[in-house]
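Dear colleague,

Please find below the structure that I am handing over to you.

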Amino acid sequence: MPLHNATVQEALAALSSDPDRGLTPAEAARRLAKHGKNQLRTARHQSVLMRFLGQFKDFMVLILLISAGVSFWASAMQGDADFLDPIIILSIVIINAVIGTVQELRADRAIDALKKLSSPKARVLRAGKKLTIDSAELVPGDVVLLRTGDLVPADLRLLRSVELMAEESALTGESVPVEKDALAVCPKDAPLAERRNMVFSGTGVSSGAGVGVVESTGMDTAMGHIAGLLEQETAPETPLQKRLAQTGKVLGLGVIIICGVIFALGLLQRVEPLEMFMIAISLGVAAIPEGLTAVVTIVLAMGVKRMAAKRAIIRHMPAVETLGSTQVICSDKTGTLTQNKMTVTAFTGAFGSEPVEGGNAQFCLELCTLCNNCEPDGSGDPTEAAFLRACQSRKPALEESYPRVGEIPFTSKRKLMTTVHKTGNGYRIIAKGAPDVLIARCTQQLRGHSVAPLSGSGKAKLMADNSELAGKGLRVLAAAYRDVERLPGDDREIESGLIFCGLIGMEDPPRREARAAVLECKRAGIIPVMITGDHAGTALAIARRIGIAEENSFAITGPELDRLSEGELAAKIDSCRVFARVSPEHKVKLVKAYQRRGMTVAMTGDGVNDAPALKAADIGCAMGRGGTEVAKSAADMVLTDDNFSTIVSAVREGRGIYRNIRRTVHFLLSCNIGEILVVFAAFLLRAPAPLLAIQLLWVNLVTDSLPALALGVEPISREVMEEPPHKRDESIFSGGMGLSIALEGCLVGALALLAYSAGRAWFDVDPMEPIIGRTMAFAVLSLSQLVHSFNMRSQGSVLELGLFGNGKLNTACIICAFLMVSVIVFPPLSAVFRTAMLTPLQWAVVGGLSLCPLVIVEGEKLLAKAGRRRK
């Protein structure tokens, strides 16, 4: 039998414990040996070396390492000691491995953060004596003493409680301290938030005192259960990682086949085997966009920097792109969509609903500020702090005018708090508490500046007003007062004959920007979902106000989720947008339900109870200001301003980065295909090699790199949030990009081959030693790629966007063009790269051919646009 479903006597009997003496030292030692220490299990971490070696598992990285090794060997065999290419490839691979290792070492600290929540000491009864021991030594059956300010050291079944309130928001999502009652017996299936006779490890005692018997310790506690979930959950591969891995395998296998074919064709043409081998390897290295990994890393790193400036700290770089593919945002309510700060938002008096800033409301709030034990700085009970804020922190001045001379404290049975204050000619009695209790003690009602009798029908109307406010998800308290010349001697007499002042509605209100952010999510094709541990009514009220739920929407609770089969849940999540009273397991279950439907899921939260779901989600977003360290450690992204709208900004940034990565892939692969085709076509035509190995490497490692980086920082367009998110399993080549890459690669290759043929036919003395033709092909292949980079800036006409709008791309192309021309016009470099000095006519041919990609692709875009208009 779970102890929350048992009476105090049954709980003590189940644990074989004595409420007045506790356990004997010998029995405690025996149980400690059986159950182990009251500590969370330490996560097993890989060594730094194993993490580093794990970075080399990627297929494309392995191909690059093999290519670098073969290139190094071939260069050594030729005796030219040209090791530039393998050195660059190895540097890129190692730098990426170091970055990945550092990122992993900074992650997976959630269990360590959970351990810090443990209470270092606990006050217990052992053999009838009160002792203070290390909380790690607690065992089931220990009797623990609690008081205000304590951190609960284990899961306890309460034996006695005196006005005990526990702060459990980090564990359950409950937005206000929870009143505890040791004598309560809760249903067997009651969620954590509704187990009023229990307090849980890692939560705090906000007020009152109590005695409890330890039900569970260590990994058996609710906090330990969350730690276990964190150990079980592994962060899923990001969509970008999957797409790049798939791309790498396709490219790697394709390159091996092409290199083998070209090597065989060269041997058939009786080219020197070592020279042909070097050309094939160089072409293979050129075909693999080894710069792609570096460019993607740099683009993501720059995105991380930009997002940090927008108050979103990225802990794992691939998460930047994952944000762009987000299709569902599962958001916690308390502290994420709401302010996690109880606030007075409604007032109802004799004349119905009135503004909180109005005179009647402010008078009522002043009464509640005087009948209040919260400190002037707002520290104390969240509800009482709300009155101080609503009264603009006038408590010191009010107390000076109306000094307190007596108090009847709040108790859970009375549901009232009453204070007595000295006035000039007598005393003012002020009471606040549950509306049904306080209204029954009132005989009059404040109506503006006058007082009128309060009849039975008047009380019925006030109770109807109370129900209306509660139906909106508000917490409602009533306030009343009366002035007397002499104080009655009896407490009940003091709290009778009161003048009813008003009903005050409070809530943890939505963030001001939450509604706009939710609406922008919907416009962007993203489904916002609220998953919270709070009450269903409160959750639905907030969800409707910010646009997550409609007026006719419904909420599903945790116990209802338990009764749903996987198929029923799959049907429900399409229509339900609010899940309330859920446990950490439910949050993970919902995240995985969306993932099974092929959706990319972001989860936001700030509590310990959110951590497993944050880790299981494709992108976990933790609150940095109000969030727990456990949530931050399990998340991929931390919002430093705890602002839901920052997530929308991050999604916009992620979409822009994914677009830029696609631009980079598009540019690099189309250029690499052009390089392969020009060599492959020349061999098919039985012509001499159109490009030498060193020329291929120069084009691939120098000319491609800077423009690709510049395309990675292309400014994000305005319409990026008006498109639906790309699907989880969508290929990086979707939307016709694969065909465009092939066609544009053919175009670049054809232009270089045309330049080669023209130079060989018109300008070379010996067509079998085509030095002019090679130089022209080399120049056209390089310069046409630079021109082609401007096509990549937009799917629409780059002329409409502004040809020179990307300053970094302009600079990159100028630098690359200078480097390209340098190896032709400067004799020392020309000798190294075996190029010839070109005449003005030859440069004119090179220039005309190099500009063709912009003219042809721009023309194709204009024709496509005209075709769409006709449709």
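Rings of Phe, Tyr and Trp, the last by its six-membered ring, are taken as a pair if their centres lie within 6.5 Å. On that basis, ring pairs join W698, F778 and F833 into a cluster. Please note that the model is a predicted one.

The search of the whole structure gives four aromatic pairs. One of them is the edge-to-face pair of F363 and Y481, at 5.5 Å centre to centre with 80° between the planes. Because F363 belongs to helix α14 and Y481 to strand β17 (residues 475-484), this pair ties together parts that are 118 residues apart in sequence. F363 is partly exposed, at 24% relative accessible area, whereas Y481 is buried at 8%.

Helix α14, which carries F363, runs over residues 359-370 and spans 17 Å from its first C-alpha to its last, close to the expected 16 Å. Its buried residues include A361, Q362, C364 and L365.

Two further features concern side chains. K422 lies over the face of Y427, 5.1 Å from the ring centre. L49, M50 and L53 make a nonpolar surface patch of about 300 Å²; L53, in helix α3 (residues 48-54), is partly exposed at 45% relative accessibility.

With kind regards

Key:
Residues numbered from 1 in each chain as written. Predicted model: local features only at pLDDT ≥ 70, side-chain atom pairs only at ≥ 80, totals over all residues. Heavy atoms only, no water. Patch = residues over 30% accessible without salt bridge, like charges linked within 9 Å, V, L, I, M, F, W, Y side chains within 5 Å. Areas by Shrake-Rupley, 256 points an atom, 1.4 Å probe, with all protein chains shown as cover. Salt bridge = Lys/Arg side-chain N within 4 Å of Asp/Glu carboxyl O. Helix = DSSP H or I, 4+ residues; strand = E, 2+ residues; numbered from the N terminus. Buried < 20%, exposed > 50% of the residue type's maximum accessible area, 1.4 Å probe, protein only. Expected span 1.5 Å × (residues − 1). Phe/Tyr/Trp six-rings, centres within 6.5 Å; stacked < 30°, edge-to-face > 60°. Lys NZ or Arg CZ within 6 Å of the ring centre and 35° of its normal.
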